Amino acid sequence: MSEAVLATSAKTKSPSIVGGATIIAGTAIGAGMLSLPVMSAGMWFGWSMIILAICCFCAYSSAMYLAEANMNYHAGASYATMTKDTLGKPGMFASLGSVGFVSYILCYAYISGGSSVLASSIASGFGLEMANWQAGLLFGIVLGGIVLLGSRAVDRVSTIMIGAMIISFLLSTGMLSAEVSSTTLFPEVGMADTMPFIWLGIPVLAISFGYHSTVPSVVKHYQKDFGKVRNAVLLGTILAMSIYTLWQLTILGTVERSDFAQVVKDGGNVSAMIAAVGEAVDGQFIDTLLSFFAKFALASSFLGVALGLLDFMKDQLGLGDSARDTVIGGAVTFLPPMVLGVVFPNGFITAIGYASLLASIFVFILPCAIALVLRRRGKSTEHRVAGGNGRLYMVLVFGVLVMLCETLALLGMLPTYP
Ligand SMILES: N[C@@H](Cc1ccccc1)C(=O)O
């Protein structure tokens, strides 16, 4: 076999738990997290923490159902193989339409969002003027190259990025923590009054824990060592939950709920929010740190999503790990989002909106459905997630609730704040 590039995961027998956990956390922590405070403006801190905890539990559970099911197939089998076997043609279409579509859209969104950031950083750092499309190409080639090197390369780079993120994050939240006030966190308006706003927030809070397209890649990364997969998924999910908690605590503890109304009116994007934080605490340095953190959050999420998409496409097209297949897989994975990124460099916000619509299908619903069919067939006896079918149905119902909220939100039928 000529896996000069790809056999990286086979070289070392047993990759560390931390590496897999950073792939998971790196994928999860991205655009979703950046919009958490804005999406929680209505329900505010108390409810957002309760719902985040529920989302965290459900996302972890569904990831484990996916891993449980994945143990019945060859290493490298992704959604395509599993849905085809368990749910037939409709399942395959559902997986292609959700995993494929969402991953492409996310890759495109990250390339188009990343290119403007990269262009301005290169201009200020090296005095080199670059068009957005050139920066998009550079972004895609460098990060895409890392993904093609295999999961071990992604594991290393993700670990470095998560390290940089945690440092910048702790520095900025640490500096902000002096400003956090409990009256801002728990304002006069009681939880009964903010409850109607939870429905609009649920889809975004739930999808911020989305990383499930990388779970088959992580199973392959650990060569189907179920114990290691579970620990990596658990650690990665806990890492994401801890960072989200600190993030909510500091942002919702420094910017008044009433001031968030303005942020929402300004389009609710990250820069509007960071500006509000800057106004509340008057700190240029915090702004810089937060933007640095945001950039790494997007880059590491790109790596994870692209790794999942590469494995998904290879599985879909029946490609192996040879150099030739890797080149084909790489072209199929990276060319479409790069071309889109070059042609429409400003589609970030619109694209993310579409992505969250379909993500709940592969984050919650498909993993439960696949695992259920395999359990009914008497499979998955050796590695079965605890909690019986009751837990599985609960997660499934939660997934349906997320989809319902999303649909109602799209139809404009949910209460909005302000
Ligand atoms: N959780 C990611 C989005 C994502 C969803 C589903 C799978 C992979 C990534 C984010 O918040 O940006």
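The legends below describe close-up views of a predicted model. Residues are numbered from 1 along each chain as its sequence is written, and side-chain values use heavy atoms, leaving out hydrogens and water.

**View 1. Confidence along the protein.** The mean pLDDT is 88, and 94% of the residues reach 70 or more. Among the elements, helix α5 (residues 44-70) has the highest mean pLDDT (97) and helix α1 (residues 8-11) the lowest (46). Helices are DSSP runs (H or I) of at least four residues, numbered from the N terminus. Where pLDDT is low, predicted coordinates should not be read in detail.

**View 2. The aromatic pair Trp44 and Phe260.** Rings of Phe, Tyr and Trp (its six-membered ring) pair if their centres lie within 6.5 Å; planes under 30 degrees apart count as stacked, over 60 as edge-to-face and the rest as tilted. The centres of Trp44 and Phe260 are 5.7 Å apart with planes at 75 degrees, so this pair is edge-to-face. Trp44 in helix α5 and Phe260 in helix α14 (residues 257-265) are 216 residues apart. Trp44 is buried at 2% relative accessible area, as is Phe260 at 0%; buried means under 20%, exposed over 50%, and partly exposed in between (1.4 Å probe, protein chains only).

**View 3. The aromatic pair Phe197 and Tyr417.** Here the ring centres of Phe197 and Tyr417 lie 5.8 Å apart and the planes stand at 75 degrees, so the pair is edge-to-face. Phe197 is buried, with 17% relative accessible area, and Tyr417 counts as buried at 19%.

Technical notes. Predicted model: local features only at pLDDT ≥ 70, side-chain atom pairs only at ≥ 80, totals over all residues. pLDDT = per-residue confidence, 0-100. Helix = DSSP H or I, 4+ residues; strand = E, 2+ residues; numbered from the N terminus.
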